[in-house]
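Here is a briefing on a protein model and the two ligands it holds. Look over the sequence and the structure, then read the points in order.

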Amino acid sequence: MAALGDTPHRYGPVSRALHWGMAILFAAQFLSAAARWALPRGDAWRDLFWSYHVDLGSILFMLVVIRGAWGLANLTRRPPHEGLMGRAAAAGHAAIYALMIVVPGARLVASAGSTRGLEVLGLTVFPPRDTEIAWMTAVGEWHGEMGWILAALIAGHVAFALGWHRIIRRDGVYERMTARGGAAAEGGGRP
Ligand code: HEM
Ligand code: HEM
């Protein structure tokens, strides 16, 4: 069990699987949002990419709840974020977490209060209502805008992780999130 958890030297296999797996799923989710924003109605590519937005968005919401719980359970054992830059990075991660919850969460609340209801993977999650609950549908109004703010934060996060830590500083921070970095921290890495 301990081998699955995080240590001060590296993120454990569960945290890494959630981080990289969700990174791929988020890329697909933003692709669907971008297709909706950029392509005209009726375009076949727009329809294709948009077709999975609600299903994948709902799955991402469930995954972020699991990831958040796992992160909290490992909080005291995680790699530290020291100094001003470290604290800024930790604040950036917290902001990403907050939006990963609020962006899909707000849209799910809106669906729960709407006359259309919500189906995820063909299963009814919220049945259609006879009358709309106005405050609930209002909660979802900024979903798209907040989604794009999340995309911008993630772009900054990736630029820092790859540009600053991996290419310029080469300070081992990037490797804390990779299997290779984990092996090195455990003493079984490259010679
Ligand atoms: C983390 C998950 C999600 C992300 C990152 C995300 C992102 C976005 C973005 C960026 C847009 C704007 C597209 C545009 O500018 O045209 C959008 C629109 C939309 N999303 Fe999501 N979404 C997520 C989850 C969900 C969920 C769970 C639902 C439904 C329950 C949903 C339903 C919609 C709908 C109906 C729109 C079009 C209307 C609007 O802008 O509110 N999304 N999404
Ligand atoms: C190519 C894409 C990405 C790279 C290279 C990358 C790199 C990293 C690295 C190296 C760390 C550890 C940083 C540290 O210990 O201070 C990290 C942590 C983190 N990353 Fe990323 N990341 C990527 C994509 C994403 C995406 C798409 C998201 C959100 C949807 C994300 C959210 C986070 C969060 C919240 C953390 C804090 C640790 C955790 O709770 O998982 N990353 N990332």
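Ligand 2 takes up the space of the largest pocket. Ligand 1 takes up that of the second largest pocket. A pocket, found on a 1 Å grid over the protein atoms alone, is an open set of points with protein on both sides within 12 Å along at least five of seven lines. A molecule sits in one if more than half of its atoms lie within 2 Å of its grid points.

This is a predicted model: local features need pLDDT of at least 70, side-chain atom pairs count only at pLDDT 80 or more, and totals for chains, interfaces and linings use all residues. Residues are numbered from 1 along each chain as its sequence is written, chains are lettered from A and ligands numbered from 1 in the order in which they are written, and side-chain values use heavy atoms, with hydrogens and water left out.

**Around ligand 2**

- Of the 21 residues around ligand 2, the nearest are His19, His81, Tyr97, His157 and Arg176. A residue counts as near if one of its heavy atoms lies within 4 Å of the molecule.
- Helix α6 gives the most to this shell, with five residues. α1, α4 and α6 each supply at least two residues. Helices are DSSP runs (H or I, at least four residues), numbered from the N terminus.
- An N or O atom in the side chain of arginine 67 is 2.9 Å from an oxygen atom of ligand 2. For arginine 176, a polar side-chain atom lies 2.8 Å from an oxygen atom of ligand 2.

**The iron atom of ligand 2**

- Which protein atoms are donors to the iron atom of ligand 2? They are NE2 of His19 and NE2 of His157, lying 2.0 Å from the iron. Donors are N, O and S atoms within 2.8 Å of the metal (3.2 Å for Na, K and Ca); water is not among the atoms, so sites may look incomplete.
- Histidine 19 is in helix α1 (residues 13-38) and histidine 157 in helix α6 (residues 143-169), so this pair links parts of the chain 138 residues apart.
- Ideal angles for six octahedral donors are 90 or 180 degrees.
- Histidine 19 is buried, with a relative accessible area of 15%. Histidine 157 is partly exposed, at 28%. Buried means under 20%, exposed over 50%, and partly exposed in between (1.4 Å probe, protein chains only).

**Around ligand 1**

- Ligand 1 has 21 residues around it, and Gln29, Arg36, His53, His143 and Trp148 come nearest.
- α1 gives the most to this shell, with six residues.
- Arginine 36 has a polar side-chain atom 2.8 Å from an oxygen atom of ligand 1. An N or O atom in the side chain of tryptophan 148 is 3.1 Å from an oxygen atom of ligand 1.

**The iron atom of ligand 1**

- The protein donors here are His53 (NE2) and His143 (NE2), lying 2.0 to 2.1 Å from the iron.
- Histidine 53 lies in helix α3 and histidine 143 in helix α6, so the pair ties together parts 90 residues apart in sequence.
- Histidine 53 counts as buried, at 11% relative accessibility. Histidine 143 is buried too, with a relative accessible area of 17%.

Note on methods:
A polar contact is a pair of N or O atoms within 3.5 Å; within protein, one must be able to donate a hydrogen and the other to accept it, and residues adjacent in sequence count only if both atoms are side-chain atoms. On a 1 Å grid over the protein atoms alone, a cavity is a set of points where a 1.4 Å probe fits but cannot get out, and a pocket is an open set with protein on both sides within 12 Å along at least five of seven lines; lining residues have an atom within 4 Å of a point.
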